[in-house]
Amino acid sequence: MKYISTRGQAPTLTFADVLLSGLAADGGLYVPETWPTLPDGWTRPRPYAELASEVIWPYVDGSFARPELEAMVAEAYASFDDPDVCPLVELEPGLHLMELFHGPTLAFKDVALQLVGRMFDAELTRRQDRATIVVATSGDTGSAAIAACVGRPTLDIVVLHPAGRVSEVQRRQMTTVDAPNVFNVAVEGTFDDCQDLVKALFADAALRDRLRLSAMNSINWARIAAQIVYYVAAAARLGSCTVAVPTGNFGNILAGWIARRSGAPIERLAIGSNSNDVLTRWVQTRTLTREGVVPTWSPSMDIQISSNHERLLFELSGRNGAATAEWMSRYRQVGAVEVPVDPVFLAASLDDAATLAEIAALYEQTGYLADPHTAVGVGAARACGLVPGDGEGLPVVCMATAHPAKFPDAVERSTGVRPSLPARLEGLFDRPERYEQLPADLGSIAQHVDACVRGR
């Protein structure tokens, strides 16, 4: 499998080179040169790790041997606390949740990053090399990336999070990790600022090469490849279905779109937005219009520039790199651009009041405690008319992206019940924190990343 950039001006790479490079040299994102179809017999019941190896294999062929991939997949998912890895739970007739939060940091990012961290380590060891992972996080990617990197001899990791804009649990999951290869920065700005800073660091070729920078954000294709699997698993269980996804950076729902393109019978994909509803407005108006970022109870979705949207726009343009580059440039410069929409998408947005109401309704009706992001997904499915009231329509799968204990204030405010942390996070609030607070300034961030790596 070879990979090309969405902007058409970067070299074609293998999976291993894409894994280590993250962002393409022309500022674009890597996508497969051709899209594979699902393997024969993909609907056959089997352990999640076995299905994952089969689905991911075409994307890594030529970079990893099949037994090597299977060993990494098995090791990655052995760390999850449910034997199904991503269990499917029926809340009411026709409404299912796919719980993606059974990994070490209680969020869906673990499903990809527990595997991606092992891929990095294997490839860097093979090359006798070392890399510095730089990650922007709106809350969950940071802790999941740290968990994937901590203690690995080939990796250092620097995580940028927006100061005061993640939950306390999310912050402490990052900042209480005491390891010599882990560094945290609270950026005085939004997640979009953090994401722009990471891209700017990669755009500095001299710095990127000197520090051997690489990425574990969903700009890295390996993240998306690993996420395709749970959409395939849901369709294998339920057959034809619709899917609703709480959506910020567009990587999670893009994986669902790819699963559908590859042959999974997913009829519609519903985007769930919070008040930062740039993607909902795109579906409804065919226009991307950037507004200010509004803090919400679902902070991982407090985004106005959804990086992975570029990968979809590249496909909708007929793989026209020049057109994609022009759209992205215009959006950043002007703040608005008209772009195509795939009619498979539906979309709805929930403000904070509606999100809390959905958490309360789910608990009252089913006894299920949902985190605010999952509630946005369920609420969007209802608003889009996907949830069959009598259970007779197509089943709908809502992606449950985080454990409710990661957002205890929102859950308690809605239900009166404060979800407790699992035993694996016992003592989280007693551990000392380690992080620096810096302005959203490229010079300051670059200097700090350089000092972290050189001083290690």
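Helices (H or I, at least four residues) and strands (E, at least two) are DSSP runs, numbered from the N terminus. The structure described here with these elements is a predicted model, in which local features need pLDDT of at least 70 and side-chain atom pairs count only at pLDDT 80 or more, while totals for chains, interfaces and linings use all residues. Residues are numbered from 1 along each chain as its sequence is written, and side-chain values use heavy atoms, with hydrogens and water left out.

Grid points are joined across faces, edges and corners, and a volume is the space filled by probe spheres set on the points; the probe is the 1.4 Å one of the cavity search. The second largest pocket has a volume of about 290 Å³. Its lining holds 17 residues, of which Arg 46, Tyr 48, Leu 51, Ala 233 and Arg 237 are the closest to the pocket centre. When Ala, Val, Leu, Ile, Met, Phe, Trp, Tyr, Cys and Pro count as nonpolar, Asp, Glu, Lys and Arg as charged, and the others, Gly among them, as polar, the lining of the second largest pocket divides into 12 nonpolar, 1 polar and 4 charged residues.

The largest pocket has a volume of about 580 Å³. It is lined by 29 residues, and Ser 21, Leu 23, Ala 24, Phe 202 and Arg 208 lie nearest its centre. Among the elements that give two or more residues to this lining are helix H1 (15–21), helix H4 (109–127) and helix H13 (321–334), whereas the largest share, 5 residues, comes from H7. The residues of this lining divide into 14 nonpolar, 4 polar and 11 charged.

Aromatic contacts were examined next. Rings of Phe, Tyr and Trp (its six-membered ring) pair if their centres lie within 6.5 Å, and planes under 30 degrees apart count as stacked, over 60 as edge-to-face and the rest as tilted. A search of the whole structure finds 11 such pairs. One of them, formed by Tyr 3 and Trp 221, is tilted, with 6.1 Å from centre to centre and 50° between the planes. This pair links distant parts of the chain, since Tyr 3 in strand S1 (residues 2–5) and Trp 221 in helix H9 are 218 residues apart. Both Tyr 3 and Trp 221 are buried, a class that means under 20% relative accessible area, with exposed being over 50% and partly exposed in between (1.4 Å probe, protein chains only). Tyr 3 and Trp 221 also belong to one aromatic cluster, together with Phe 15, Trp 35, Tyr 59 and Phe 64.

A salt bridge is a side-chain nitrogen of Lys or Arg within 4 Å of a carboxyl oxygen of Asp or Glu, and by this rule the count comes to 29. In one of them, Asp 156 and Arg 130 have their closest N and O atoms 3.1 Å apart. Because Asp 156 lies in strand S7 (residues 155–162) and Arg 130 in the loop between H4 and strand S6 (131–136), the pair ties together parts that are 26 residues apart in sequence. Asp 156 counts as buried, at 2% relative accessibility, whereas Arg 130 is partly exposed, with a relative accessible area of 27%. Another salt bridge joins the side chains of Asp 409 and Arg 418 (2.9 Å, N to O); Asp 409 is partly exposed at 46% relative accessibility, and Arg 418 is partly exposed at 44%. Asp 17, Glu 68, Glu 123, Arg 126 and Arg 127 are linked in a network of salt bridges.

Backbone angles were also considered. Most residues other than glycine have a negative phi. Leu 106, however, has a positive phi of about 70° although it is not a glycine; Leu 106 lies in the loop between strand S5 (95–99) and H4 and is buried, with a relative accessible area of 0%. Phi of Arg 286 is likewise positive, near 65°, and Arg 286 is partly exposed, with a relative accessible area of 41%.

Notes: 1 Å grid on protein atoms, 1.4 Å probe; cavity = no way out; pocket = protein on both sides within 12 Å on 5 of 7 lines; lining within 4 Å.
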